[in-house]
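Trainee: Could we go through this one together, a step at a time?
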Amino acid sequence: MLFNSYIFWIFFAIVFVLYRRLGHRGQNYMLLAASYIFYGYWDWRFLFLMLFSTVVDYTAALLIAGTGSRLKRKSVLVTSIVVQLSLLGLFKYYGFFSQQLASLFGFVGIPVYVPVLKFLLPVGISFYTFQTMSYMLDVYRDEYPAEKSFVNFALFVSFFPHLVAGPLVRATKLLPQIATPRVRRPNDFREGLYYIAIGLFKKVFVGDNLAAVANSIFHANPHSLTGLECIAGIYAFAFQIYCDFSGYSSIAQGLAKWLNIDLTTNFNLPYFATSPTEFWRRWHISLSTWFRDYLYIPLLKRGPQPATRARLFASLIVVMLLSGLWHGAAWTFVLWGLYHGVLLIGYRLISRKKSGVPEPQSTLSLASFLVRVVVMFQLVCLGWLLFRAESISQVGIMLSRIVLDFHWTPFVSSAFAMILFFAGPLVIYEFWVERHQDLLSLIRIDWRVRAAIYSYCALMLLFFPPPVSNVFIYFQF
Amino acid sequence: MSSSTSSFRAELKVVAVVLLVLAGAELVMRLGEQFLSRDVKHIQEIPAISQSLAGGKGEKILFIGNSQVRAGINPEVIEQELKARGVAPVHIERVFPDSTSLPDWYRVFKHYFVGTSRLPEVLVLCFSDIALQDSSAIDPTRLGHYYSSPSEMPEIMTEDVHDFDSRAEFVLASLSYSFANRMRVRTRALDAIVPDYRDSAQLINRDMKRESYGKLGPKSYQRLSRFLAMAKSEGVRVVVVAMPQPVVYSLDPQIKTVVEGAGMSFLDCRTVSGISAASFADEMHLATKGASVYSHFLGRELAGPVGKAASRDNLTSNTR
């Protein structure tokens, strides 16, 4: 069930009506059942995988909480993490790594037979695996008590608004909201409506419409493209992936708001970042903070303190490589992670501040801010080329076209005009939000202005459907 | 009143304005649908076409297809060729909604011709590429808005529109003019705003077509069999014609088997002497000169099947 499908909204309407009629316990049971129906709608067989994963971590957390032995706690944690990562590895990475291994042996002249197992990737497996891993680590570190109610824990793992594409929500944020009765707050409807409206606008109007432009470039023979066509394709993809993913997160937040539950904000106007460090504070925030808290900081803490510059940079590279690999089993994703790692290190080296923390925007003039935003956007787009390309050779050819061929073609005019038409209004709106430094600025202004903006969104959604409806990109991760 | 309720009510004003704007758009679309495109105008003319066919004198021939029929078939030339071969008088009509394939043609024929008992003697079904395959795209919007009545809904939902989202789209399109015409508004608006939109749209469409080809199911022709059986039961002779394209496409031999197995005629007119890639105005449609050459050719080819139908009709009327 996709958020941009009719069946989902019928499903949600039923869930919402039942939710309003039930007490707290009933709500949790019903939400759990609804979440399993939502997930099983894709492929019911993967329900067992999610259930297995849930049972393993529920039991492991109780075992950790129930023992004082450090060794036992650690061994349970390691077992749980090995089980979860094995499932993820089997379904997501087995094909890639077995192929690479066979190629490596073949390269040195040792033919190796590696059994080919083609698995269907369970939707959202990376998301719920990372979410349960964070829970296990929090319990192990005594930062959160083990959840005693299986229903509450199962709902924490499977809560349908964010189950298949995030945001990753920590146990510390979500479990208390599940465990205690929820109250209707004055602004829940208004905020939920805002998140859903803006999310659908981003996903359907901007993301899916620009997907057609980006796909036509990336599917073409790269030798036949001009440099400007490549650039247009990359820009179109930059807006496609941002609007697709942040649109999903926004709708998830809105749906949860209507159920009186707060999810983590996953995007904070990332294309207005003025540095690589800031970009990662604004893009896929729930994953960035996951890697920061559970990998980057522990890596820095190992060894002599304070961490040396070499250790800092090595940790950054490891984290970014893994972040790339998290997105998919392909060298292009690994390169994308490496590229961002290098960007982060480069920025730290040239930045005057040791921490790499960017200057607050308030100290920048508008012109300086805009110049930095534009430069950073180009750097991010270069990364998107790595991310979207189907092979490393495609990256190389497209880069060479960008450098060597400046022909303006009719398709370039069309593509840029479409990017302007579909993404331009959003960029202007987000610039306004950025200047207000408040993501919910729109719900705090005069209702008539909001009605006008929502009407514009509704008309665009009605009259500019994408040529082909696309699934959310992040489902594959 | 709690603050939660008052905030909810306040936001309902916003929702009400949005609904009003959408209602306004619906009203505008209901008043001005015919100005959206010549395709809509043509679809709105189909009842008149079927009426004209019913009132026509001589052998009634109906061409059904997509814009390839509009661009590539000249009725006067066909009539002239048939006349030259002793098949006269004839009354020719054409129905050619844009971007359509067999699911649409099936419904058009059933809704406007079988349903109104305004039947031709000969139906010439013009297709290209995969348009006759069961897996060719079904557009629930078009079926819902243009080619069906409420009484046909259950049948269409059983035979053509299977999944929930398609059914929802089908029902919405049958109810709302603005929803049904959303793609037309999109095309017109982008054509007006985006430079060289038509050329770039063709590139994008080509890419999407390639993508969708990869997702096609196995080749089957059950809908075509149903179509032919329906025509047969109404006493209509069908001639299935493979139309030319600039790049000659491969033709599944099953089509000929299915058509001839149903006792109908099949004409492979993909390649015609005098027609080359230069005879086309774009990737699909014949230019005027190419259309003339093609119509002369098709007229000659149709003389056999149409003549047979005519003599069968004469025989039937004499027996009566």
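Mentor: Gladly! One definition before we start: domain bounds come from an automatic or database domain assignment. Keep in mind, too, that this is a predicted model.

Trainee: Thanks! Which domains does the assignment give for chain B, and how many Å separate their centres?
Mentor: The assignment gives domain 1 as 1-35, while domain 2 is made of two stretches, 39-135 + 220-319. Taking the centres of these two domains of chain B over C-alpha atoms, the separation is 46 Å.

Trainee: In what order do the 5 strands of the open sheet in chain B run?
Mentor: The pairing in this sheet is parallel. One example is strand 1 (residues 59-64) with strand 3 (residues 122-127) of chain B, joined over 4 bridges. Within that pair, Phe63(B) stands opposite Val124(B).

Trainee: On to the contact between the chains: which helix of chain A gives the largest share of the side that touches chain B?
Mentor: The contact takes 36 residues from chain A and 33 residues from chain B. On the side of chain A, helix 1 (6-21), helix 8 (188-218), helix 16 (410-436) and helix 17 (447-463) each supply at least two residues. The largest share, 9 residues, comes from helix 17 of chain A.

Trainee: And how many residues on that side of chain A are nonpolar?
Mentor: Sorting the side of chain A that touches chain B by class gives 8 polar and 4 charged residues. The nonpolar residues there number 24.

Methods. Residues numbered from 1 in each chain as written. Chains lettered and ligands numbered in written order. Predicted model: local features only at pLDDT ≥ 70, side-chain atom pairs only at ≥ 80, totals over all residues. Pairing = 2+ DSSP bridges. Contact = placed C-beta atoms within 7 Å. Nonpolar A, V, L, I, M, F, W, Y, C, P; charged D, E, K, R; others polar.
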